[in-house]
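Me: I would like a close look at one part of this model. Please keep it brisk and give the cut-offs as you go.
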Amino acid sequence: MKKKVAFYTLGCKLNFSETSTIARSFADEGFERVDFSEKADMYVINTCSVTDNADKKFKTIVKKAQKINADAFVAAVGCYAQLKPEELADVDGVDLVLGATEKFKITDYINDLTKNDHGQVHSCEIADADFYVGSYAIGDRTRAFLKVQDGCDYKCTYCTIPLARGISRSDTLENVLKNAADISEQGIKEIVLTGVNIGDYGKGEFGNKKHEHTFLDLVKALDDVDGIHRLRISSIEPNLLKNETIEFVAQSKTFVPHFHIPLQSGSDDLLKLMKRRYMTNLYKERVAKIREVIPNCCIGVDVIVGFPGETEEHFLETYHFLNDLDISYLHVFTYSERDNTPAATMNGVVPNKVRNKRSKMLRGLSVKKRRAFYESQLGNDLTVLFEGENKEGYIHGFTENYVKVKSPWNPVLVNTLHKVKLTEIDNDGLVRFNFVKEEVEA
């Protein structure tokens, strides 16, 4: 009988791509992969440490696994496992905890899957996480997350990622192109480029700081890979999103008009405290450049509320800055203290009640921004890639510029691209459409 293994991923797209790589190593060892809700001999949880909530969720997931099979072997890998291995090892039911470099060799650490009295920890010093492991995840039949870069050399005062993932390092251009070709051969229509700091691509491509290639080189090379219908850039720092890249995306064959650009604060005072590498003026210039050359582009923004020292004036500065900016939606993060970060010891702690209120205000602004963006797209002819899930009798899909559409469920549409005209916004905020002509690509 084949042993069964199940995976649960917390956190970012990068984690999803790495879970897929880890899962393939189990397949090579003869394991059968099953859904996390099914009975398995081993459960692997890929952890995240970006927010307090991700830490808490870990215990819930371990309990869920134990409920399904109390005798199953439970392993924790990922960022939280690197930062606080002992803490995870102490969680009842956890048998193995692997840090940043060990997670890709997980099958070397398991033998007969006998449960341990206490979680065993194998965790390196983060300075040893200096080699690159390429990976990609096929999350569903329509899109794949392709990892091109790992780690970060930035010293943002709120962030644990450099402590959890190590220095900035990149995949070789040759390997990225090979992975992209492999993905396209599997009939997947969209590839999302992912990494910790993808605009830093090229650094560490040869195991050192030598720059053979840049992010722009990567984008240009990927644009020429046969068989890829859509390429999407997941998230890129404003200081690393150069005008040349924006101009290239504007006339690209496959890169879609969608950028997600972290801002974190609309106050220059706070950006300095956060040790971000730009001020609000540069951010404004980037948005203006995108609007100039790609008028219908979708622009997403990350923002943190409740950072230490954020006064009401600072918050309103952020609110008005975003309100005046021609952007499409926000991802709002409520600041949470992380151990071993400079921000955790800063003065001016913002009460949780105030953090939550500010978060609610920005989420409301995001709803308004998204609605305005969707309204601006009504009447346009766009191309939709349809997803594979039946959600209460509807099929959903995304246009190239990230407008989410809905239509009565039709399995024939799954993983196909169709030209549509956007007609109206439904009560749930999603967009209705009419088909314009026969599908662009089957």
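Reply: First, the ground rules. This is a predicted model, in which local features need pLDDT of at least 70, side-chain atom pairs count only at pLDDT 80 or more, and totals for chains, interfaces and linings use all residues. Residues are numbered from 1 along each chain as its sequence is written, and side-chain values use heavy atoms, with hydrogens and water left out.

Helices (H or I, at least four residues) and strands (E, at least two) are DSSP runs, numbered from the N terminus. Contact means heavy atoms within 4.5 Å.

Now the helix itself. H11 runs over residues 312–324. Its 13 residues should span 18 Å at 1.5 Å a residue, and the end C-alpha atoms are 18 Å apart, which agrees. The expected span is 1.5 Å times one less than the number of residues.

The buried residues of H11 are His314, Phe315, Thr318, Tyr319, Phe321 and Leu322. They lie on the same side of H11, because they cover an arc of only 165 degrees around the axis. That arc is taken from the directions from the helix axis to the C-beta atoms. An α-helix has 3.6 residues a turn, so residues three or four places apart point the same way. Glu313 and Asp324 are exposed, on the face turned away from the buried side of H11. Buried means under 20% relative accessible area, exposed over 50%, and partly exposed in between (1.4 Å probe, protein chains only).

Next, the sheet. E13, E14 and E15 form an open sheet of 3 strands, in the order E13-E14-E15, with parallel pairing. Two strands pair if DSSP finds at least two bridges between them. E13 and E15 each have a single partner strand, so one side of each is left without a neighbour in the sheet. The twist averages 20 degrees from one strand to the next. E13 and E14 are joined by 6 bridges. Across that pair, His258 stands opposite Cys298 in E14. H11 packs on this sheet and touches E13, E14 and E15. Its direction makes about 175 degrees with that of E14. Axes are lines fitted to C-alpha atoms, for helices over the stretch in contact, and angles run from 0 to 180 degrees between N-to-C directions.

H12 has 26 residues and reaches 37 Å from first C-alpha to last, close to the 38 Å expected. Its buried residues include Leu362, Leu365 and Phe373.
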